[in-house]
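Reader: I have a protein model to look at. Please show me how to read a few of its features.

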Amino acid sequence: MISVENPFRPTAGATPPEVIGRAGLLDEFEYGLQLGSGAPGLLSIFTGARGIGKTVMLGAAHDLAREHGWAVVSETATGAFMGRIGEKMRRLAEELGDGPDPRRRVTGVTVAGFGVTTQLSPERQVDWRELGENLLRLLDERGTGLLITVDEIHAADRAELAQLAANVQHFIQDRLPIALIFAGLPSAVSDLLNEGVATFLRRADKTDLHAAAIRDVEKSFTETFGKAGITIAPELIHQAAVATGGYPFLIQLVGYFLWREAENHDGSLSSATVDRAIAAATRRNERVVIEAALATASGKDLEFLHAMAVDEGPSTVGDIVQRTGSRPTLVAKYRTRLLAAGLIESTGHGKVAFAIPGLGQYLRKNPL
């Protein structure tokens, strides 16, 4: 009987029992929290494929900020996120100040004067900046600051991002205690920075998250199951670790289903139960990550992806042209689309690979 609760949390953004292979990535950020306004680590961007742990890193940054007494405003870059950030800042300012403004009214779909349109009007931009300045000065008086995090910036309205970046730059110039961390898909983030939407963001500390080393996953699994008294042979630990590909979401999935199998088999895991756990994790990853990622793919997108799935490793653009019978210019167009969607990644000149673990296997099991 296992007396310890299952520690694995295979849900998007949930805090895992251990953040594997991420040691040191937030050291500069934590140092910046101590130094305050203008410290390099307080302006960061995390990029990486779906399921690589970007949202988890944002959560770790939230925890560090709160430990240092900083306030945290967390948003996802869906429409009107600037308005939502403004409303949260207003509430924080009220908590720190003298309470709500009696003149403030909330009517219809307007929140604290910040409309739900995709962009703030020039007047509202001024209000937003003044509100931010007031809050940051209140926090500065208390020796703390404000962390703003924005997830999934690949889906953001460019004008809103430019507004946020311009305001944060203004706060930094005024030596106010502000930190800003973005997270998004690599290709889209690169396009954003190259477009000059927010030039000063090029100075951000950009970290491209990669899969954890399999040996680190093995070590984590060994320690986690060992502490709970779960019996599993080293070769089965290795099999389970390899099945994760080092991707944080799959690490959580495989660990979760291994633990469930152990609970049903008196704390012992055999070859058959490990196989079942890996199969269950694979199916869940296909439903939650892969099928969701493919939901908006066009017929031509899928044709491109299936042409890639013929290869076990990276594919050359030349082979995709040959297999699809499409013109090179058309293949180049869909290559760009799929890179931006985070479904594939460039692995060298003229070569691409799947960016999501298990995508190639899924396509091979589900032909056109």
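Author: This is a predicted model. Start with one residue: Thr 324 is part of helix 12, which covers residues 317-324.

Reader: Is Thr 324 buried or exposed?

Author: Compare its accessibility with the cut-off: buried means under 20%. Thr 324 has 16% relative accessibility, so it counts as buried.

Reader: Which residues does Thr 324 touch?

Author: Leave out residues up to four places away in sequence. Then Thr 324 touches Glu 303, Ala 307 and Val 331. A polar side-chain atom of Thr 324 lies 2.7 Å from the backbone oxygen of Ile 320.

Reader: How many bridges join strand 6 to strand 8?

Author: Two bridges join them, and the strands run antiparallel. Ser 315 stands opposite Val 352 of strand 8.

Reader: Where do nonpolar side chains go?

Author: In soluble globular proteins, they tend to be buried together. Here the largest nonpolar core has 73 residues. Leu 343 is one of those with the most contacts inside it. Among the residues Leu 343 touches are Leu 305, Ala 353 and Phe 354. Another core, of 36 residues, lies apart from the largest one and includes Ile 45 and Met 82.

Notes. Residues numbered from 1 in each chain as written. Predicted model: local features only at pLDDT ≥ 70, side-chain atom pairs only at ≥ 80, totals over all residues. Heavy atoms only, no water. Pairing = 2+ DSSP bridges. Helix = DSSP H or I, 4+ residues; strand = E, 2+ residues; numbered from the N terminus. Buried < 20%, exposed > 50% of the residue type's maximum accessible area, 1.4 Å probe, protein only. Polar contact = N/O pair within 3.5 Å; in protein donor to acceptor, adjacent residues only side chain to side chain. Contact = heavy atoms within 4.5 Å. Core = buried A, V, L, I, M, F, W, Y, C linked by side-chain atoms within 4.5 Å.
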